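Dear colleague,

Please find below the structure that I am handing over to you.

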Amino acid sequence: MSDKKSVHGLWSSRWVFVLAATGSAVGLGNIWRFPYITGENGGGAFVLVYLACVVLVGLPIMIAEIIVGRRGRQSPINSMRSLAAEEGLSRRWALVGAMGIVAGFLILSFYSVVAGWSISYIFSIGAGRFAGATIESAELAFEGLISSPFHLLFWHTLFLTLTVFVVGRGVQKGLEKAIKILMPILFFILLLMVFYAAFSGDFRGALQYLFKADFSKLTGDVILIAFGQAFFSLSLGMGSIMIYGAYLAKDVSIPKMALVVGGADTLVALLAGLAIFPIVFGFGLAPGQGPGLVFVSLAISFGHMPWGSFFGALFFILLSIAAWTSAISLLEPVTAWLVERFKWPRPKASAIAGGLAWFLGVGSVLSFNEWEDFVVGGRNYFEWMEFSSTTILLPLGGMFVAIFASMKLANRSVQSEFGLEHPMSYRIWKWSSTYFAPVAVALVLLEGIDLGGVVEYLHKISAENILGLPV
Ligand code: PHE
């Protein structure tokens, strides 16, 4: 089978791929969501479960996505379709790509709203609005922002416009150029923030909190949340990593790339914890604040620290850049598909896709104010968007891609993507993406299964058999 050509161009080197995929993976998921859900789920034990999900399920699926992308060299829908046709499989495999596009829209629509909060905080914290803040005043400031549909719409529109702009310029002139500038800035600010936190906050407390596992906190729900977070954080299950793989040169080792990207993403999540918790603990504030962790607790702390307005603004610049490079990867798969399908020029495709995400995002904007009480099945619009995409569609999409790459594509074609110099890692990958990852996803998704009961049972048998304790 000959190597296909990408009509969208290729990354100019493997390092650009690493930067781009890391830029996709590192986002609100790492810096905003990971610390607060770690806080809500008790710290160290959650971190351990999360790491297990990344290694056992995330990495095999990431490798599968890159393989399919690089072999197909098109948008996820068309890559899946053309590979299925080559192997004489049902064309319906393209539906997995289509499901990814839907998930991408849903995520981008609410992602952009939260990214908008972050941009607005650059200005408010930078202007000293949190100097000397109390819990009440910081909460009031956050409430003030999210209760104003007008303000939220403004920032949501600005963020999406920036994203549409980059994607509209294409792979080399848009994505690559932005990523080469933004990623070094992101790493630099992140390290600076960790140093600042280490010198001015309770670093020991944060280390203990993140790395001391208290297994009594482990429940079925915790596993479910860690699982969804791993998919979200690694950008899996919707085609972002797949399309970035479509622009990757042929001679590059896919398992190595996945290890570097997965490792960098995890490192950034942990570093974000080490930038945030020391400051929050240093001020005696609680870690289990929920989504307001960085917008309220962290903001209060900055308000009392030397150079707090400066470093506070820097922190939100970091968060906004991280969100921007991720949003670019959310918009790219659908834009590429529109270009392939309708032969539209890129700027038009990107603007139309971005416009649709903007429209869907209006519901999320209103979820914090006008539609606050509009709750169906225990969730408001924003929460439905987040839940249905992150917890359902991403794992499902990832599972199908793993099955497709490991069981449906011919061994020979996958092995040639893998690189024959890795027979051992090929076997590990094959085993985990044929058996382990799909079964794990299916178990987690099967709502009926009582994971809490399973965990309790495991506790019981390990206490009985291994430790010889009566239970
Ligand atoms: N990985 C991004 C984050 O952690 C979010 C994302 C999800 C991006 C899915 C692309 C695809 O914020």
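The following paragraphs set out what was found.

This is a predicted model, in which local features need pLDDT of at least 70 and side-chain atom pairs count only at pLDDT 80 or more, while totals for chains, interfaces and linings use all residues. Residues are numbered from 1 along each chain as its sequence is written, and side-chain values use heavy atoms, without hydrogens and water.

The shell around the ligand holds 15 residues (a heavy atom within 4 Å of the ligand), of which A25, G29, Y111, F232 and S235 come nearest. By class, 6 residues of this shell are nonpolar, 9 are polar and none is charged (Ala, Val, Leu, Ile, Met, Phe, Trp, Tyr, Cys and Pro count as nonpolar, Asp, Glu, Lys and Arg as charged, the others, Gly among them, as polar). Helix 1 (14-25), helix 2 (28-40), helix 10 (220-233) and helix 14 (308-342) each contribute at least two residues to the shell (helices are DSSP runs of H or I, at least four residues, numbered from the N terminus).

Elsewhere, the structure holds 8 salt bridges (a side-chain nitrogen of Lys or Arg within 4 Å of a carboxyl oxygen of Asp or Glu). One of them joins E86 and K4 at 2.7 Å, N to O; E86 belongs to helix 4 (residues 76-86) and K4 to the segment before helix 1, 82 residues apart.

With kind regards
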